[in-house]
Amino acid sequence: VDVDMELVSGAGHPAGSLPKLAIREEVFDHVDVVFAVVSKSRALQALAKSHAHAQVEEELHRLGHDLRGSTQGDLCSKDQLGHLLGLPCDHLDVLWEFIKAFVGVVLKEDGSECACMSQVLQVVYLSIVIMDERAMKSREENANATWLEKGQSASPKSSGKRNLLDYKEKLLCEHLHPLLFLLLGVAPTCSSSNLVLKSSDVDALSVFVCPQDSSHRAAKLSDISPFFSSALFAHFNDVAEWITSNLAPSSASRSVVISRVHRSTVARGPGDEATTSVRIANCRDATIYCLFPAAAVLVSQCERCTIVVGAAKFAQSIRCTDVKLTLACGAKSICNCHSCTFYLGANERPYLIGDNRHVALAPINACYDGMESHLAQLGLNPDLNHWDQPRVIDSPFGDGERSSVYHLMGPEQWQPLIVPFTAAAAAAQGEGERPEAAKLRNHPVQPFEVPQQFAEALEARLAGIAKIRALIKSSGLEREKLDELQRVIQGHFKEWLDTSGAVQEICDLTQMENDFPND
């Protein structure tokens, strides 16, 4: 690039004095959705199966060049992106929801949305690379299992080398140059020593990295970089070195991870910093409360769990079985889940992608103190709920077999779920503190309106219970008969507690109340 070298920033800023950077884990965690779309793209489906990353980069560069030629710039509309990639309408909608949640869109004067093509291509490249790495890791693990079955030592390929750097930081560092090439729209054959970046180019990297320190979270990357205080450009290699040398461990970013919880109850509330990512993985027979707003929520490979999440811009459930999830969200993706129930307050139509079976969809059935403010923080609208308008994508079942994929829960089956915490109490349980506000309480008013049929069915059940109580009270039964009836009712209730697993949650809640008594 031919620029006046006096306008190019020089290196020489000590890395240790610069603000640290953190991976945007939520982007890395949810690229499965992008890959599912890419694999159906007429232009990219062959690349999705390619292990040659250089070929992937070259083809994405060509596509970007073609689109820039037709749009006169780097911004593209949803329709332009779909035409270029050859995407079916439903797949394009899924990709666009991901872009809106993690990359961001620009609103033009006519109200239409546009995305930065370079950033979209970067995300597509990263999704292919990550899925290829996962497949390679899976093959290695299978090979090692075979070696161990034969009584031999593990394959040398599975040494601890992968653990020298956190997997995500390592992946970004290895593929940073291709990502920067795609950002600049230059051919992979160009020499990086001849390239420079503008401040806007550096800011575009916020798709993958962000300031680690919460005090800098609102700042642009170019503002905390060492390059643009007195210069208009920065050397390509200097920017790459700045990023790789200033990455902090993933755990330093505000991410909540709940993993491998078995037959227990876990509660988390809002911390001192804004939460960007929630991952709930490999839990069994557990009850989990996450009562705070988050940019992204991933529930993966859980079984027989009840999970309540406060609010999320983008949420995804992958390979779960017999899970009951209550969630308020912008976009919701359900991938390869079996016999799960989703109680949703969804501003967008939920997507059922892949081999989903016997999924039940219902209106959101729980709320907690502070939920309304959490919805407002994420820009979610409680007056808008598309829980009953799912889109089925890439299902092995035909249109006439949709009942095997999902059904809408009937009003007679719907039950409200009482969250037994304030958000402050959940935060205290997660941090091990003992604040005055940490106490159990009844749940407040639901921000999302309960559909009329569901509200009427609930009222009818409550009226039926009240009628039975009145009948017993006016029955004139002798004391012995009343005591016998009480024992029968209690016996059935205890049997339900045992068979449903609710007794474990009651024990856990009792323990929490003892740990954090009301002051």
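A crossing of two helices is left-handed if the near helix is turned anticlockwise from the far one by less than a right angle, and right-handed if clockwise. Helices (H or I, at least four residues) and strands (E, at least two) are DSSP runs, numbered from the N terminus. The structure is a predicted model, in which local features need pLDDT of at least 70, side-chain atom pairs count only at pLDDT 80 or more, and totals for chains, interfaces and linings use all residues. Residues are numbered from 1 along each chain as its sequence is written, and side-chain values use heavy atoms, with hydrogens and water left out.

**Exercise 1. Describe the packing of helix 5 and helix 6.**

Solution. 
Step 1. Two packed helices are described by the angle between their axes and the distance between the axes. Axes are lines fitted to C-alpha atoms, for helices over the stretch in contact, and angles run from 0 to 180 degrees between N-to-C directions.
Step 2. The axes of helix 5 (residues 78–85) and helix 6 cross at roughly 125° and come within 10 Å.
Step 3. Angles under 35 degrees count as roughly parallel, over 145 as roughly antiparallel, 65 to 115 as roughly perpendicular and the rest as oblique. Helix 5 and helix 6 are therefore oblique to each other.
Step 4. The crossing of helix 5 and helix 6 is right-handed.
Step 5. In this contact (heavy atoms within 4.5 Å), helix 5 contributes Lys78, Leu81, Gly82 and Leu85, and helix 6 contributes Leu92, Asp93, Leu95, Trp96 and Ile99.

**Exercise 2. Determine whether the span of helix 16 agrees with its number of residues.**

Solution. 
Step 1. The expected span of a helix is 1.5 Å times one less than its number of residues.
Step 2. Helix 16 (residues 479–500) has 22 residues, so it should span 32 Å.
Step 3. The end C-alpha atoms of helix 16 are 31 Å apart, which agrees.
Step 4. After helix 16 comes Gly501, whose phi is positive, near 85°.

**Exercise 3. Locate Leu458 and Val450, and decide whether each is buried or partly exposed.**

Solution. 
Step 1. Buried means under 20% relative accessible area, exposed over 50%, and partly exposed in between (1.4 Å probe, protein chains only).
Step 2. Leu458 lies in helix 15, and at 17% relative accessibility it counts as buried.
Step 3. Not counting residues up to four places away in sequence, Leu458 touches Trp414 and Pro416. The C-alpha atoms of Leu458 and Glu412 are separated by 7.5 Å, although these residues are 46 residues apart along the chain.
Step 4. Val450 is in the loop between helix 14 (423–431) and helix 15 (452–473). At 26% relative accessibility, Val450 counts as partly exposed.
Step 5. With the same exclusion of residues up to four places away, Val450 touches Trp414 and Ala455.

**Exercise 4. Which backbone feature is found at Asp322, and where does this residue lie?**

Solution. 
Step 1. Asp322 has a positive phi of about 55°, although it is not a glycine.
Step 2. Asp322 is in the loop between strand 13 (306–318) and strand 14 (324–335).
Step 3. With 32% relative accessibility, Asp322 counts as partly exposed.
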